[in-house]
Amino acid sequence: MAMSQMLKGLLEGCLLAIIAKGETYGYEMSEKLQAYGFTMVSEGSIYPVLLRMKKEGWVETVQKPLPSGGPKRKYYVLTEAGEQELMAFRKRWADVSSGVDRVLGEGNERGTFEKES
Amino acid sequence: MNVELSKKSRDFLDDLAVYLMSSGKSEREVKDVTEELKDHLEEAERAGKSVDDVVGQSPEAYMRQLGSEMAFDVKGVVKVVGMIIPSVFAYIIIGNFIQGEMTFSTVQLIGFPLVAVILLLAVTQVFRKMSTGSSRGKMKTGLTYAALGALPMTLFLGLMTFDLLVETPKITFGTVGQFVLFGLAVLTLVIVSVWTKTWINLIIPLLLFVPQYVFAQTSLPLEQQLIFSMMVLFVGMGIVMFVWWKKNQQEEV
């Protein structure tokens, strides 16, 4: 099953926010997502999203050798365009979530959703 | 330190690489993505998770998702086709040169590159299909590979038969023309080798044609010439594969 478009957009915004906190790599990002409770998607689904974010120019990647030696690891850093996109996402999310909150809150006050008569 | 990945993870990474390559993605990008996922899978397995936790329910759907975010590598495909068509002609010309006869019909001139491209397409599409279908039956897989294996001979025989049945204009080259074409063919193989940075396109013709030429100078009967040439080819290929395998093994460590 493909991820819904909405979930993909949310994952994108969350990844931008995580990368904004400092350079990081794939597994670490998925750990952080899990820790924050973003568990609706499988771990691997960050990679198609990261590919797209790189294509859009929001992130850049750097290869660095592992502390233990051995193969190199790919780290992500946010670009200027990425920071702007993160700001835009924060604004979109604030609008959407406050709108949804109000709708849900109103429903709660009445106790139930009324049926049209 | 280096914990070996589980077979299931390794199989998934191999399938993914085959799927992406046969979908026409650039080799560098494919390597990039598979290495990143390998790194992830290694850490995930150390934490007691499996491929399924990482990839989700359907590896096939996951491969498609990744593929859809990667651009079709036009340059790479042009490079492969641009390498194969001249190489096919180079092989045919060198073979004919050794036999001392060079006549090409229009059907052959059009047919050889066409057959080469059809084969290339068939091989990539079969591999692409195979890479995503983990639950396919053994029987069906075997039959598909057998059909794929028989395809080159079928197509070439078909082409030859067609060539015999249909009369088309022919070009015959004299001694000078033969030498010129031979020179061009060798040059083509050298250029392709330099371009692709592989030696295989020089090693195979050497193994294939040098013995043929050498044995043709002897007074041995034709069958023995062919048998000895084949033996040199197979033993030579065996040695090349072995050296390659050794080299790859060293790189993996």
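Helices here are DSSP runs of H or I with at least four residues, numbered from the N terminus. The model is predicted. This briefing covers helix α8 of chain B and one residue of helix α10, Q225(B).

**Helix α8(B): extent and end**
- Helix α8(B) covers residues 175-196, a run of 22 residues.
- From its first C-alpha to its last, α8(B) reaches 32 Å, close to the 32 Å expected at 1.5 Å a residue.
- K197(B) follows α8(B), and its phi is positive, near 55°.

- Which residues of α8(B) are buried? They are L181(B), A185(B), T188(B), L189(B) and V192(B).
- Viewed down the axis of α8(B), these buried residues fall within an arc of 90°, so they line one face of the helix.
- On the face turned away from the buried side, α8(B) carries exposed residues: T175(B), V176(B), F179(B), V180(B), G183(B), L187(B) and V194(B).

**Residue Q225(B)**
- Q225(B) belongs to helix α10 of chain B, which spans residues 222-252.
- Q225(B) counts as partly exposed because it has 18 C-beta neighbours inside 10 Å, while a buried residue needs 20 or more and an exposed one has 12 or fewer.
- Leaving out residues up to four places away in sequence, Q225(B) touches F215(B), A216(B) and L220(B).
- Q225(B) and P211(B) are 14 residues apart along the chain, and their C-alpha atoms are separated by 8.5 Å.

Terms used. Residues numbered from 1 in each chain as written. Chains lettered and ligands numbered in written order. Predicted model: local features only at pLDDT ≥ 70, side-chain atom pairs only at ≥ 80, totals over all residues. Helix = DSSP H or I, 4+ residues; strand = E, 2+ residues; numbered from the N terminus. Expected span 1.5 Å × (residues − 1). Arc of directions from axis to C-beta. Contact = placed C-beta atoms within 7 Å.
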